[in-house]
Amino acid sequence: MTTLLAIIIGVLYAAGIYLILRRSMVRVIFGLILLGHAANLMIFTVGRLTKGSPAFVPEGAESIITRPFADPLPQALILTAIVIGFGVQAFAIVLFRRTYQTLKTGDLDEMRNTDRLPEKLP
Amino acid sequence: MNRIIILPVLLPFATAVLMLLFPRRIATHRLLSLLSGVLLLAVSSLMLWSVLDGGILSLQAGGWAAPFGITMVADTLSCTMLTMASLIGLTTTIYSIGSINPKEEHNLYHPLIQLLLMGISGAFLTGDVFNLYVWFEVMLISSFVLLVLEGRPEQLEGAIKYVMLNLLSSAIFLAAVGLLYGMAGTLNMADLAVRLPLLHHPELLSVVAMLFLITFGIKAAVFPLFFWLPASYHTPPIAVSAILAGLLTKVGVYAIMRFFTTIFILPETDFIYQILLWVSALTMATGVLGAVAQYDIRKLLSFHIISQIGYMIFAVAIHSPLAIAGGLVFIVHNIIAKTNLFYLSGIMRQLTGSWDLRQMGGLYARYPLLSLLFLLPALALAGIPPLSGFWAKLTVILAGIEAEQWPVVAVALFVSLLTLFSMIKIWNEAFWKDDPREEAHRDSGRHLHELSSREKIAMAAPVVLLGLLTVLSGLWFEPLFVIANRAALELLDPSLYIKAVRGGMP
Amino acid sequence: MHSVILATASRYLLALILMFSVFMLLRGHNEPGGGFVGGLVAAAAYALYFLANGLDAARLIFRFEPLRTSALGLFLALLSTLPSLVTGQPFMTAIWVDTGIAPIGKVGTPLLFDLGIYLLVLGITLTIIFSLAEEDGLS
């Protein structure tokens, strides 16, 4: 299972990086979303995969539960990261849309105006 | 006393919530902002005083003991940074009351500034790596929205670059947090400092350290990762530019300082200092060379931010007590002087009607007092004694000489000269030169007497205050240095920090 | 894209899904669910209503300004942290009060916090949906 997840994470990273190197804004935002998913999945995997073991043990039952315990923290981290990612990505999508409407282009290569030196004055 | 730590986060948050509940009352927003700014400054100064007096404060949220819950820690470094942040927060609030056209003052503007301050305070105070990620995001999303609040085309374009690179940096941060947790089983900074040396397989640690260096490098705008900064910082209203320029990159520098003096201090991560050393030299040089070519005053100042970041990174790369103390002094000096220059450029734009240096001119003849106020931060930035920048640069360069890093010291001195050159360029173009506009077209700017007294006071007060601080911290440099020295000793000997967080735990 | 079936059904579905979202909110204390999920479900209910009946109808039936709803949510979440400060416990410690009434049981600050999150998520999601719809001219 860990190997499979590792491969999936690798594929997600590769796809994400490929997409953020594109010139189209839409692909770039997809790439960033994929990178976020890859990172979340990685936290999940490196937090040790355990199957069928509880994270919380009722008081007094410590002795009958066998190790290893599941670790609840990675899931809490991922949940937080997903919520933050949701907000940031929603903002980014709205921003990209607004930019597309204002500048009439989705090609990042055409967005060089803020980097240019101002032209010579008349 | 420990419970006071939560106030710098809670105060801006409560203020922002109150404002959002009454979204259309701009006048109330201003009043609340001012009130919260003053209170925040008072609270953070009190914290600084209390830390200097009684040692590191810490707080466990929800009463969960150290490695399990979220810890907030206030040591000398974080309290100093916090005091600077609240000072800049307050002055920016005052300045924006004068500089932002009331008709354009968006009803989200003041709440967003407060949320930005909350994110910054949280980032300085947290003692948990994942929590640091959360505060970074709070800070970033407020800055995203502040950048595009007016929705002009160049703002959208700048924001695209800013948002994309920062999202990338967040994804890397998250991956690094995951790997670190997988290795150490904890994300509490103090706990990490104890546990990392005990790891059986520390090989992956160099990868994790490198990932952290890259994310914080993007936030701090160091050499190969800075391109978002000059592309976006000159687009928003000048008050927003000023607060972003003064504080945001310094949070990245703070994180680098914290991570590579408290957490990653193992043989496996020693190569980081070598990287930091060369990165710092290149950051100083590219920043200042970029600035020399610019004529838009905001772009010129933006490139200078990058150049100054180089000095701070240089201090971390040497990581001797003198260097870290010098780095912190440099940060304090730079936050004050840099923000002040942005405020001044806003005033210059009001008076001349242009951001372009070639279209300005004759300011010295018309406003000699303004010229003096400009010279204070400009010369401080270039490192002219007896202003604050001289001592800051002197300490960092002395530490460099002590560590025998001759090439980088040489670069630092040369960059200092170029900084002076570009400050003189602003002086020549905007103040010294004759006004290039014909008499008939002089109406593009506004004359001083056309500004209302509210605008005049609100825009001048922050400039005068920060200018005075630049002079005073230069003339009475010793107290500042004593604080910085103490912060450096605390950072380089993390045992106090660990004890404050973990208590008596083994 | 007006569908009579969806428009008719959405009126009843709205109430039903909203009830489900409150159930999710309350269930969240010990089982999967909670303020975030509940808020998303509630937002989905209004989103469905908007798809079936258009933006104006959806705004009308939601009544409040979405951004204010989220501000109220933040305010409630903030309020839930105050009791711990007043009673002198570490910040954000949960405080529970036993009401003694059997079906209600114990009421505490985490519930208030969750309710705040519920309103916050509902407000933010609707802000995003409504503003995107407005730009598309889907009114």
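Modeller: Let us begin with C:Y12, a residue of helix α1 of chain C, which spans residues 4–27; please keep in mind that the model is predicted.

Colleague: Why does C:Y12 count as exposed?

Modeller: A residue is called exposed if 12 or fewer other C-beta atoms lie within 10 Å of its own, and because C:Y12 has 9 C-beta neighbours inside 10 Å, it counts as exposed.

Colleague: How far apart are the C-alpha atoms of C:Y12 and C:L76?

Modeller: They are separated by 29 Å, and along the chain the two residues are 64 residues apart.

Colleague: What makes A:K104 stand out in its backbone, and is it buried or exposed?

Modeller: A:K104, which is found in the segment after α3 of chain A, has a phi near 60°, a positive value in a residue other than glycine. Most residues other than glycine have a negative phi. As for its surroundings, the cut-off for exposed is 12 or fewer neighbours, and A:K104 has 9 C-beta neighbours inside 10 Å, so it counts as exposed.

Colleague: What kind of peptide bond joins B:P385 and B:P386?

Modeller: The bond is cis, with omega about 5°, and B:P386 lies in the loop between α15 and α16 of chain B. Most peptide bonds are trans.

Colleague: How do helices α2 and α6 of chain C pack?

Modeller: Helix α2 (residues 35–53) and helix α6 (residues 109–136) of chain C pack at an angle of about 35°, with their axes 7 Å apart, and α2(C) passes α6(C) in a right-handed crossing. Among the residues that make the contact are C:F36, C:L40 and C:Y46 of α2(C), together with C:L115, C:Y118 and C:I129 of α6(C). By class, this contact has 16 nonpolar, 4 polar and 1 charged residues.

Colleague: How many residues does each chain give to the contact of chain A with chain B, and which element of chain A gives the most?

Modeller: Chain A gives 31 residues and chain B gives 34 residues, and on the side of chain A the most come from α3(A), with 14 residues. By class, that side of chain A has 21 nonpolar, 8 polar and 2 charged residues.

Conventions. Residues numbered from 1 in each chain as written. Chains lettered and ligands numbered in written order. Predicted model: local features only at pLDDT ≥ 70, side-chain atom pairs only at ≥ 80, totals over all residues. Axes fitted to C-alpha atoms, helices over the stretch in contact; angles between N-to-C directions. Helix = DSSP H or I, 4+ residues; strand = E, 2+ residues; numbered from the N terminus. Left-handed = near helix turned anticlockwise from the far one by under 90°. Contact = placed C-beta atoms within 7 Å. Nonpolar A, V, L, I, M, F, W, Y, C, P; charged D, E, K, R; others polar. Buried ≥ 20, exposed ≤ 12 C-beta atoms within 10 Å, placed from the backbone.
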